[in-house]
Amino acid sequence: MNWTDEGIVLSAKPLAEKSIVLSLLTKENGLHKGVMRLTKRTGSVEPGNHVHAIWKSRLSAHLGTYTIEVNDTPIARIMTQSKCILLLKTITTLVDMLLPERHSYPIIYEYVKEICSSLHNLSDPLFDYARFEHLLIHEMGFGFDLSKCALCKKVTELVYLSPKSGRGACYTCGHPYKGKLFTYPWGFFDDTISIDKEQKNKRILEMLKITGFFLSEYAIKQVRASEKMPTIREQMLEAFN
Ligand SMILES: [Zn+2]
């Protein structure tokens, strides 16, 4: 049993003196772990690295072994940008923690690959990070529904979101209950809406409040019931604000 694939390093945990358990988000095989022996020729296993991987195992159910060749080391380009390092590690930590193993998530894979490789010159990294969290919860099936107002069926300007039902509401329907609802930054991903920097930051924080809630209350509780949101996310958000 073996395969070759491309992947992104999520984590490398020590197993024995000269070996690690390497966790990769691969293109075809999803989140996949394997043992890797550390030798002088072992490439760098920094999170976010893009690698070509060969995985081998006698039985498919076994942990198996990895041999990798490093194609790109994005973290090397952001060595002086500590905020971006935290951002990259928050992404790899959440993916490593939440995605089920050996199940392909091509949309998440492509997005994580893109954000890691371009982090050194993103104009607004936190916006792209919010898009990542939004994508992650939706791809995992814990997303929210903003196709129409839960009460009057209006389809635009849904400026509230219910944390309980995950459904959107328009201003008129939602306003009387606003204390129990999230303010939703309607049009968040619409690049044609022109807003100033301050407004944009406010909307990013509104979105992250929502995605953070859905990650903690739904994704993490379901997938890793004994765990909480990794603290690195909070450190990263503090660094950006
Ligand atoms: Zn309504």
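I began with a salt bridge: Glu101 pairs with Lys33, their closest N and O atoms lying 3.7 Å apart. I kept in mind that this is a predicted model.

Next I looked up the domains. The chain splits into domain 1 (2–74) and domain 2 (76–240). Their C-alpha centres are 28 Å apart. I found 28 residues of domain 1 in contact with 21 residues of domain 2. Together the two domains bury about 1,900 Å², with 56% of it on carbon and sulfur atoms. Leu25, Leu31 and Pro74 supply 32% of the area that domain 1 buries against domain 2, more than any other three residues.

I then checked polar links. Five salt bridges run between domain 1 and domain 2. I also noted 14 residue pairs in polar contact between them. On the side of domain 1 that touches domain 2, strands E1 (2–16), E2, E3 (30–37) and E4 (50–56) each supply at least two residues. E1 gives the most, with seven residues.

Is Ser23 buried or exposed? Its relative accessibility is 1%, so I logged Ser23 as buried. Beyond its neighbours within four places in sequence, Ser23 contacts Ile8, Val9, Leu10, Ser11, Leu31, His32, Lys33 and Asp96.

Last, I turned to a sheet. Three strands form an open, antiparallel sheet in the order E7-E6-E8. E7 (168–169) and E8 (182–183) are at the edges with a single partner strand each, so one side of each has no neighbour in the sheet. Two bridges join E6 (residues 160–161) to E7. Here I saw Tyr160 opposite Ala169 in E7.

Definitions and conventions
Residues are numbered from 1 along each chain as its sequence is written. This is a predicted model: local features need pLDDT of at least 70, side-chain atom pairs count only at pLDDT 80 or more; totals for chains, interfaces and linings use all residues. Side-chain values use heavy atoms; hydrogens and water are left out. Buried means under 20% relative accessible area, exposed over 50%, partly exposed in between (1.4 Å probe, protein chains only). Contact means heavy atoms within 4.5 Å. Two strands pair if DSSP finds at least two bridges between them. Helices (H or I, at least four residues) and strands (E, at least two) are DSSP runs, numbered from the N terminus. Domain bounds come from an automatic or database domain assignment. Buried area is the accessible area (1.4 Å probe) that two parts lose on being put together, summed over both. A salt bridge is a side-chain nitrogen of Lys or Arg within 4 Å of a carboxyl oxygen of Asp or Glu. A polar contact is a pair of N or O atoms within 3.5 Å; within protein, one must be able to donate a hydrogen and the other to accept it, and residues adjacent in sequence count only if both atoms are side-chain atoms.
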